[in-house]
Amino acid sequence: MGYLKDPPLDTLNQMATTALTESACKSALPKEKDYKLAGGYGMYLFVTRSGGKIFRMNYKIDGKFKTIVLGPYPLLSLRAAEKKRDEVRLKLVNKVDPQPKEVVKEAISFTQLLDLYMRHKASGGLFTPKYLLNIRNGLAMHVGNYLGERNFASITRADLLGALMNLNSANKFSYARKIRMWCVGLWEWAMELGYCVSNPAAMINPNVAFGAKPVKGFAALRLSEVPEFLRRLQNERLQTSVFACRMLALTWVRTEELRQMKWEHIEGDLWRVPASQMKGEADSKREHLVPLPAQALQLLEVIKPYSRNSLFVFASDRDIKRPMTQNCVLDLIKRMGYQQRMTGHGWRKVGSTWANEQVNGDGIRKYDPDWIEMQLAHQDGSVRGIYNSAEYLQPRRLMLQDYADWLDKANEGL
């Protein structure tokens, strides 16, 4: 049974310990909002909108209600969680608080914590061994070599930044950003389990801390420039290039993938991009699934009459048997006065920047970096080609819908 608000403690204490099963834990899928599955005596499985599953327990001591994190599922099984829950209950009987204020778990080194984290990442089954090995090797070499034996809870922002600046000094700017991004995930997980009380990686602003190589070709707007661009786009005559520019903004796909978009590839609110149309080496290409937010579906309804019964969603103005030209969107952007300031490909950077900057009320990033990389279909994401789509698509669907809503507000000047 699930509940959104915690019931009175007496009610929790009377719940049968059989209220939650291993099967229910395994089959619990992410929903639009976080939710809980009660496990008896105050314990519950907390399922996040991103698909994370964490055993927690509510309890009362000295007249105050508190919550303790028991551990992540499936790294921590239901039976193991129940054992830890009962250990907490025993401490409460003896009037001992299982988690004194601001006291983290027993000291653990960075290297030991990294090992636990990688086991957790592997248990989800979403990533290839090669990608997981890249994360482990990157963190071990560029952070562990400097801070590996340090007590994880004692590592400060200055400590971590000092390690990452070695990459920056070697002009490996992009890799420094990637290692920092992986560190954010590691520390967020460690905070949730009680191994530390802050996230030094999240305190590092990569745009300020690290350098950047000059980028040629794909110019992109700053987020602050998006509202004015959208208002000017709204004044353009309705035509294929305008529709295409809007769809690029909503989906973060590459221009070539959009050009080849066919009506037969659309399945409800999902766009299934064939592997043959994806960027990369032939043996590494895979089908890309693109969730379509409500605004994209509305746009498709508007586009339909303009496609003139073509197989292509964005057909050529001269020949409906062919897709729009490669420079169709770029020519539109030039006419709007944004030459060398924006490109069709630039919407990928806009979307990525927006998603990476979103945080919740606790200052923790709202969207997992892996979702962003998956949505961009980056090869270095190395996401397994065969995956549980119900667990994989839902968080990206929610992320793109939030982003589409932000675009609407930006267009309206809110």
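Two cavities of 30 Å³ or more are found when the whole structure is searched, a cavity being defined, on a 1 Å grid over the protein atoms alone, as a set of points where a 1.4 Å probe fits but cannot get out. The structure is a predicted model, in which local features need pLDDT of at least 70 and side-chain atom pairs count only at pLDDT 80 or more, whereas totals for chains, interfaces and linings use all residues. Residues are numbered from 1 along each chain as its sequence is written, and side-chain values use heavy atoms, with hydrogens and water left out.

The second largest cavity has a volume of about 40 Å³, where grid points are joined across faces, edges and corners and the volume is the space filled by probe spheres set on the points. Its lining, made up of residues with an atom within 4 Å of a point, consists of Thr240, Phe243, Ile303, Tyr306, Ser307, Val313, Phe314 and Ala315. By class, six of these lining residues are nonpolar, two are polar and none is charged, with Ala, Val, Leu, Ile, Met, Phe, Trp, Tyr, Cys and Pro counted as nonpolar, Asp, Glu, Lys and Arg as charged, and the others, Gly among them, as polar.

Helix H5 spans residues 129-147 and bends by about 40 degrees at Ala140; the bend is the angle between axes fitted to the seven residues ending at a given residue and the seven starting there. Helices (H or I, at least four residues) and strands (E, at least two) are DSSP runs numbered from the N terminus. Within H5, the residues Tyr131, Leu132, Ile135, Gly138, Leu139, His142, Val143, Gly144 and Leu147 are buried, where buried means under 20% relative accessible area, exposed over 50%, and partly exposed in between (1.4 Å probe, protein chains only). The cover over the buried residues of H5 includes helices H4 (110-123), H6 (157-169), H7 (173-193) and H15 (369-375), contact being taken as heavy atoms within 4.5 Å.

The whole structure contains 16 salt bridges, each requiring a side-chain nitrogen of Lys or Arg within 4 Å of a carboxyl oxygen of Asp or Glu. One of them joins the side chains of Arg56 and Glu192, at 2.8 Å from N to O. Because Arg56 lies in strand S4 (residues 53-61) and Glu192 in helix H7, this pair ties together parts that are 136 residues apart in sequence. Arg56 is buried, with a relative accessibility of 18%, whereas Glu192 is partly exposed at 24%.

A salt bridge is also formed by Asp86 with Arg85, the closest N and O atoms being 3.2 Å apart; here Arg85 is buried at 2% relative accessibility, while Asp86 is partly exposed at 34%. In the salt bridge between the side chains of Glu267 and Arg272, the N to O distance is 3.0 Å, and Glu267 is partly exposed at 41% relative accessibility, as is Arg272 at 27%. Through shared partners, salt bridges join Arg85, Asp86 and Arg89 into one network.

Glu225 is located in the loop between helix H8 (206-209) and helix H9 (226-234) and is buried, with a relative accessible area of 19%. The C-alpha atoms of Glu225 and Ala410 are separated by 9.6 Å, the residues being 185 apart along the chain.

Conventions:
On a 1 Å grid over the protein atoms alone, a cavity is a set of points where a 1.4 Å probe fits but cannot get out, and a pocket is an open set with protein on both sides within 12 Å along at least five of seven lines; lining residues have an atom within 4 Å of a point.
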